[in-house]
Amino acid sequence: MILDWLLPVLISASLVLALAGAFKRASLWRAGQPESVNLLAGLMAMPRRYLVDLHHVVERDKYMSNTHVATAGGFVLSMLLIILVHLFGLESRWLAWALLASSVLMFTGAVFVFRRRLNPPSRLSKGPWMRLPKSLLMFSASFFILTLPAAGILPEAFGGWVLALILLVGVAWGLSELVFGMTWGGPMKHAFAGALHLAFHRRPERFNGGRSTGLKPVDLQARVLGVEKPTDFKWNQLLGFDACVQCGKCEAVCPAYAAGQPLNPKKLIQDMVIGLAGGTDAKFAGSPYPGIELGHAVGGPSQTITEGLVNSDTLWSCTTCRACVEECPMMIEHVDAIVDMRRFLTMEKGNTPNKGAEVLENLIATDNPNGFDPGGRMNWAADQNLPLMADVKEAEVLFWVSDGAFDMRSQRILRAFVKVLKAAGVDFAVLGDEERDSGDVARRLGDDATFQSLAKRNIAVLNKYRFKRIVTTDPHAFHVLKNEYGDFYPNGKGGDYEVLHHTTFINELVQQGRLQLDAFKGGTVTYHDPCYLGRYNGEYDSPRDLLKALGIELAEMERSGFRSRCCGGGGGAPITDIPGERRIADMRMEDARAVGAELVAVGCQQCTAMLEGVVEPRPVIKDIVELVSEALIERAPAPKAARVAEELMS
Amino acid sequence: MSQYDVLFQPLKINQLTIRNRVVSTAHAEVYATDGGMTTDRYVKYYEEKAKGGCGLCICGGSSVVSIDSPQSWWSSVNLSTDRIIPHFQNLADAVHKHGGKIMIQITHMGRRSRWDGENWVNLMSPSGIREPVHRATCKTIEEEDIWRVIGDFAKAAVRAKEGGLDGVELSAVHQHMIDQFWSPRVNKRTDKWGGTFENRMRFGMEVLKAVREAVGREFAVGMRITGDEFHPDGLNHEDMKQIAAYYDATGLLDFFGVVGSGCDTHNTLANVIPNMSYPPEPFLHLAAGIKEVVKVPVIHAQNIKDPNQAKRILEAGYVDFVGMTRAHIADPHFIAKVKANQVDQIRQCVGANYCIDRQYMGLDVLCIQNAATSREYTGMPHIIEKTTGTKRKVVVVGGGPGGLEAARVAAERGHAVTLIERADELGGQVTIAARAPQRDQMAGITRWLAMEVERLGVEVRLGTTANADMIKDLKADVVILATGGRPFMEQNPHWGAAEGLSVSSWDVINGTVEPGKSVLIYDTICEFTGMSAADYLSSKGSLVELVTDDIKPGVGIGGTTFPTYYRSLYEKEVIMTSDMLLEKVYREGDKLVAVLENEYTGAQEERVVDQVVIENGTRPNEELYYELKDASRNKGQIDNETLFAGQAQPILSEPGEGMILWRLGDCVSQRNIHAAIYDALRLCKDL
């Protein structure tokens, strides 16, 4: 029987080819920049990352998660058993039966993949991906039939040579797609690259329920600042790009894409794949960047990315909202890549578009993005009698005011927060004119030099004083202080303090009974999660708890929590201002209108500014602390004797 | 940051950080009751400004330091007694609570007062020269009095300091005692208190030294001066620069306030608080001139009303602080609205000077358009809160100031409001008033209301004459009639209005009748309309005689407004005739003959003219009211007890079917804009 000898040959040939492909692919990744990764530990941790962490993400879509478990699990099991049964010829009915079962499992999964592909949503790539379900069916069916004799269900040589030939074709097809296709660039590449990507991930902290969202610092002494060519990425970033399954979940959540700006995160990752391997986007089978035709992008490992492969407008359209990263089942880091490429454009080329250059110059000259007199930072609080750290040296809480100090609208938020702090009797102080811009905008615009300079100077000021916590109303400052300043502390870890968003802090005050709140009077309220509070820092509960404490029952938007849609204000996007067909803030307001909101509660002055920029009539926008301060029942301080009595009672 | 950034640069006065560059400057409020104490109404009035964001309030215009400077005429603050200190503490706490600062103006009025009341004092002045505006005769001040008053200034300043106020402003403006000594027009002395520059300066200098010594170096002490008295024999701008520099050089002063014009005549008085006939900031150049020669901050107020104007003045660096006093009377939340990017929602002062004209009559200062001002203590709100009770359907008939205010307040409360107006535009009688020369800014009152009504989503039906059926069909819960009035021409049939022998002042100002060549205006009311008709007709080239049976034309108009009418009418050779009744009008050929009769002698005179115009006030448009009255739940009645107490009308909480009917403004009886707006506010704030 021809199959008896050909089958092992085919299997071993495909395995050899796969191995060769793997080496070839690995060499492409290795062209990237070095980054030290604990390879062994990574590999050891990989199965758990695949089966638990990744599954967690995939599981948000039950249909796909079950399908994937059946198909991928069935395949991995089948492949192992195929090697034992059909390559090594182990004659064991148990093994054969197991193989039958696993191929049935895989086949079942493949049927669902097939059904999904009958009318696929636009976010899914077509092209070779349309072939995949057939390959899966073919593979599992062929090996099922081939294994029937080994299981003793059918006689050897049943069906004659015609069937043998058909099965041979099926096996060859299946093996080429699923085995060496894996390393030679077919759809199944995701399994191979994905597994290694998970093993050698740049942010291992993300696994086991952790979070790692701070950008990595640039070595300002490096030959090239930022990423010019694909090979300027770290090797494991390149590997990460290869893990993409083109599911388009990122595309579906990207606010810039929805607004018709020339960004599609999926396409961007695929362009990075083109870059690392060389070629064009002519065969890309997904949605293009809005407004940019397919087929014109050309790139290679050593070619400047923004000269032919990716238009720089694509990179500047990103709001760094991390919706794509949050959705990506392969845990690819889109935002890192975008900022890396921006760093080159800004720091090497000086090509930050629109107001970008002006903002960066302002930051350099005045420590604030709009070029205001740095001596006017405390003008907003001229009537607030705020204790200055320079005077008191020590306080329980350092109130990080942020650049909202210069903005009339944000000042209302700041004043509301001061009122709350005072009402709760919090021992706090501010830095006053010693505070500088946190550096968030500079960093997202790719100017890590300015960011680092601001960070180091802020750290030097922070180091002068003693305090237990920093509290800020600005999620962007919150994020950099909490997650990005540590790299620049002399100890390399960070300061000995906790950083909190004001909603977290106020919620704590409410829980401790230090604030007395009246019930909110007003209509329907929804809550907009700021990206830098939610996705970046996982704080979804405190704002909601606070609103609940005000007696508000939220009308949640469909896109809320970790799926909140960006207001359009992050990542310097309003500064670079890349045109689209719609404004992101308008779309976000539509989300709010859809749930009948009369008031949108927010926790970020940037979100406030963006959403208030939507033309009226529209819901009212208020920071949560404004709602709290309006509901505050201010008590005249009780006589000392009464306070002592109260303490004794409690 | 905003385009108004310059307003929000804090600036220090001595040790005080003033949070922004906007000041409510000293003005007489006429609220200090109980012998000149800053009682509840006074405190709440200033607290509202501080709450609204005003940087610095200088309260108590002409607050007296001595018992021989009478305070009761204008209920001014009395710093001649320690009794004031706890009252000041209340005032200071209320303002400081909101981050504001508060100082007080202190003065001895000298001859600028009245002696015929209170303690029946002998008024005092450097040379005993009579002051015409108050018809005030006075004695020549003696050396002993001088030193006593200097001591009183120091004691008063200490009381301000002990009361927690942030500073004092010495008044050397408006012809008070200090500038009475300064001005050679009034100071004819030959002793060490008069004559040479140093001698004339001596009294003020001794006051300043005594005050500074009493309060210490760190307490803010400023001085308000004129930039030019505008009298040939008085102090001119160069004199004032010399004076300012002289006092500044002592280093004892922390700021200057500068006002253009003296004010010891009716005509100069009108300059001090420029009404709507003046251009914006007419005397800024005088303040800027003073700023050139002094080192400390300069404050200037006079017709600065909108944030753009304030910004322009500050950005150009003419002065350091802008006084926006009437602007804050019209809207104490001025600053808050600028900050909230709600500049369009600022109720802007139009310069009608209802406030100051009441003050000069010894009446409490009220705003023509904002009835909540100074009534904060009674619960009249500047910010109207949404109701938490029943949402009602409210129909308002009449788009004049009363109807508009009713619609605005009801809409702010969250009710569904429909406003029906017969004319094609909103404004009512204000629209007519604004057509007269120099009175165009009156329209600002109703323009703001119309903008608010639009912003609040009131359904406005223009060109619609409401009738009983229409109102009933609307099935409103509350119907408010503010249908105004119409010229009262039929009072004397011999005026011949029915025969077309005479026309109304409205016909003339509205342009519905052509101006005649020679016109007799008969004005029984003696307020704005008659004067405006005369001004209007004379500006169109008519030869006008303005006749009244009252004691003088325009006698009902206050002290800062009749002079600007007079300037215009005299210039256009309008003849003003008093004490004559119009008995009859008849036609003779193509002319009209007006028969006038002297009130006191009965002697008759005749005038042959082309046109006779009658200004006899209005009669209410009350037909609709009487058609609806019986069908209403409350028979159209308003409960006065709760209305006057500023409380909700009881009917609102009583169960019942059908409409509640109220009427307000001139459709009840002829009063004024403030009366209509006040009724609308107090009726609707609890709706």
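Which residue takes a positive phi in the hairpin of β23(B) and β24(B)? In this predicted model, that residue is Gly602(B), whose phi is near 80 degrees, in a hairpin with five residues between the strands. The two strands concerned, β23 (residues 591–598) and β24 (residues 604–609) of chain B, run antiparallel and are joined by six bridges, and within this pairing Val595(B) stands opposite Glu606(B) of β24(B).

The assignment divides chain B into domain 1 (5–378), domain 2 (393–486 + 620–684) and domain 3 (489–616). Between domain 2 of chain B and domain 3 of chain B, the centres taken over C-alpha atoms are separated by 32 Å, and the contact between them takes seven residues from domain 2 of chain B and 10 residues from domain 3 of chain B. On the side of domain 2 of chain B that touches domain 3 of chain B, four residues are nonpolar, one is polar and two are charged.

Another part of chain B to follow is strand β5 (residues 101–107), where seven of the seven residues are buried, so that the strand is largely enclosed by the rest of the structure. Both of its faces are covered, with Lys101(B), Met103(B), Gln105(B) and Thr107(B) buried on one side and Ile102(B), Ile104(B) and Ile106(B) buried on the other. Strand β4 (residues 56–64) of chain B runs parallel to β5(B) and is joined to it by six bridges; in this pair, Cys57(B) stands opposite Ile102(B).

The loop between β4 and α3 (84–96) of chain B holds Trp74(B), which counts as buried because 26 other C-beta atoms lie within 10 Å, where 20 or more are required. Apart from neighbours within four places in sequence, Trp74(B) is in contact with Ala28(B), Val30(B), Ser62(B), Gln359(B) and Gly362(B). The C-alpha atoms of Trp74(B) and Gly36(B) are separated by 9.2 Å, although these residues are 38 residues apart along the chain.

Chain A is assigned domain 1 (2–199), domain 2 (211–348), domain 3 (368–511) and domain 4 (525–631), and the C-alpha centres of domain 1 of chain A and domain 4 of chain A lie 44 Å apart. Where the two chains meet, 12 residues of chain A are in contact with 12 residues of chain B, and the residues on the chain A side of this contact divide into four nonpolar, four polar and four charged.

Chain A also contains an open sheet of four strands with parallel pairing, in the order β4-β3-β5-β6. Its edge strands are β4 (428–429) and β6 (498–501) of chain A, each of which pairs on one side only. Strand β3 (residues 394–400) of chain A is joined to β4(A) by two bridges, the two strands running parallel, and the bridge partner of Val397(A) in β4(A) is Phe428(A).

A last element to consider is helix α19 (residues 448–462) of chain A, whose 15 residues reach 20 Å from the first C-alpha to the last, close to the 21 Å expected at 1.5 Å a residue. Its buried residues include Asp448(A), Thr450(A), Phe451(A), Leu454(A), Ala455(A), Asn458(A) and Leu462(A). Seen down the axis of α19(A), the buried residues fall within an arc of 155 degrees, so they line one face of the helix. Among the elements that cover these buried residues of α19(A) are α14 (334–348), α15 (356–366) and α18 (440–444) of chain A.

Terms used
Residues numbered from 1 in each chain as written. Chains lettered and ligands numbered in written order. Predicted model: local features only at pLDDT ≥ 70, side-chain atom pairs only at ≥ 80, totals over all residues. Domains from an automatic or database assignment. Nonpolar A, V, L, I, M, F, W, Y, C, P; charged D, E, K, R; others polar. Expected span 1.5 Å × (residues − 1). Buried ≥ 20, exposed ≤ 12 C-beta atoms within 10 Å, placed from the backbone. Arc of directions from axis to C-beta. Pairing = 2+ DSSP bridges.
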